[in-house]
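Q: Could we go through this model together? I would like to take the residues and the fold in turn.

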Amino acid sequence: MDEANISELLDREAIRDCLYRYCRGIDRGDEAALRSTYWPDAHDNHGGYSGPSEGFIRLALGIFKTEPRNVHQIANILIEFSSPSEATVESYFTALQRGPDAGGEIRQVLLCGRYGDLFHKREGEWRIIARTVIYDWIEQQIPPGLPESERFASRRPIGAPYPNDPIYALLKGTSPRCGPTSEANDHD
């Protein structure tokens, strides 16, 4: 395999890693992870929001930082390079989101669609410079009525917002094999 092919493989992996960091950032309300996916001058067209990525990040953190039951999954990542420093990327997503509406009632929605991203490589790093979310499916769902302690029973640990999610202890090398239920997991 020649050097150009190896370089392209590394670029593809860096782009996928960026997309996965986005999912962690949005689901955990992890500001650093979320910011690391966009260039500061990026634009995001996210349906109800269209503007600078900074505005979307602030909006998303305000919504998702308090609601740990958000799950984004990405699949079918197609990467097409237009130059060594630019790529158009289509990624299919499934997102399950839960949170209070304007009246405080808990709502749950399943969203499916695609992220249409333009990535730029700057100083060796790939990030999103422009994103358009293309929605293919939306389904309002009835959220579970039981508290998490009953729904999850002994299935622990339960995911939580940054920095209380167990992944952050694991990343620091401080994760206990088994531990008590955290207060962050005892709501609903």
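Q: Where is Gln 108 placed?
A: Gln 108 is in strand E5; helices (H or I, at least four residues) and strands (E, at least two) are DSSP runs, numbered from the N terminus. This is a predicted model, in which local features need pLDDT of at least 70 and side-chain atom pairs count only at pLDDT 80 or more, while totals for chains, interfaces and linings use all residues. Residues are numbered from 1 along each chain as its sequence is written, and side-chain values use heavy atoms, with hydrogens and water left out.

Q: Is Gln 108 buried or exposed?
A: Gln 108 has a relative accessible area of 10%, so it is buried. Buried means under 20% relative accessible area, exposed means over 50%, and partly exposed lies in between (1.4 Å probe, protein chains only).

Q: Which side chain does Gln 108 join in a polar contact?
A: The side chain of Gln 108 is joined to that of Gln 141 by a polar contact of 2.8 Å. Such a contact is a pair of N or O atoms within 3.5 Å; within protein, one must be able to donate a hydrogen and the other to accept it, and residues adjacent in sequence count only if both atoms are side-chain atoms.

Q: What else does Gln 108 touch?
A: Not counting residues up to four places away in sequence, Gln 108 touches residues including Leu 96, Arg 98, Glu 139, Ile 142 and Pro 144. Contact means heavy atoms within 4.5 Å.

Q: Pro 144, then. Where is Pro 144 found?
A: Pro 144 lies in the loop between E6 and helix H4 (148–152). Its relative accessibility is 35%, so Pro 144 counts as partly exposed. Leaving aside neighbours within four places in sequence, Pro 144 is in contact with Gln 108 and Arg 151. Pro 144 and Arg 107 are 37 residues apart in sequence, with their C-alpha atoms 9.8 Å apart in space.

Q: Back to the strands. What is the order of the sheet?
A: The sheet is open, with six strands in the order E2-E1-E6-E5-E4-E3 and mixed pairing. Two strands pair if DSSP finds at least two bridges between them.

Q: Which strands stand at the edges?
A: Strand E2 (50–52) and strand E3 (71–83) do; each has a single partner strand, so one side of each is left without a neighbour in the sheet. From one strand to the next, the twist averages 20°.

Q: How many bridges join E5 to E6?
A: There are 15 bridges between strand E5 (residues 106–122) and strand E6 (residues 125–141), which run antiparallel. Leu 111, for instance, has Ile 138 in E6 as its bridge partner.

Q: And what packs on the sheet?
A: Helix H1 (residues 3–28) does, touching strand E1 (38–45), E3, strand E4 (86–100), E5 and E6. The direction of H1 makes about 150° with that of E3. Axes are lines fitted to C-alpha atoms, for helices over the stretch in contact, and angles run from 0 to 180 degrees between N-to-C directions. Helix H3 (residues 53–64) also packs on the sheet, touching E1, E2 and E4, with its direction at about 75° to that of E1.

Q: How many residues lie between E4 and E5 in their hairpin?
A: Five residues lie between E4 and E5, and Gly 104 in the turn has a positive phi of about 90°. The two strands pair in the antiparallel sense over 15 bridges, with Glu 90 opposite Gly 116 in E5. E3 and E4 form a hairpin with two residues between them, and their antiparallel pairing spans ten bridges.

Q: What does Ile 74 touch in all this?
A: Ile 74 is in strand E3. Not counting residues up to four places away in sequence, Ile 74 touches Leu 19, Cys 23, Ser 91, Tyr 92 and Tyr 115. At 15% relative accessibility, Ile 74 counts as buried.

Q: New topic: how many disulfides are there?
A: The count is zero, where a disulfide is a pair of cysteine sulfur atoms within 2.5 Å. For the sulfur of Cys 23, the closest cysteine sulfur is that of Cys 18, 10 Å away, which is too far for a bond. Cys 18 counts as buried at 0% relative accessibility, and Cys 23 counts as buried at 8%.
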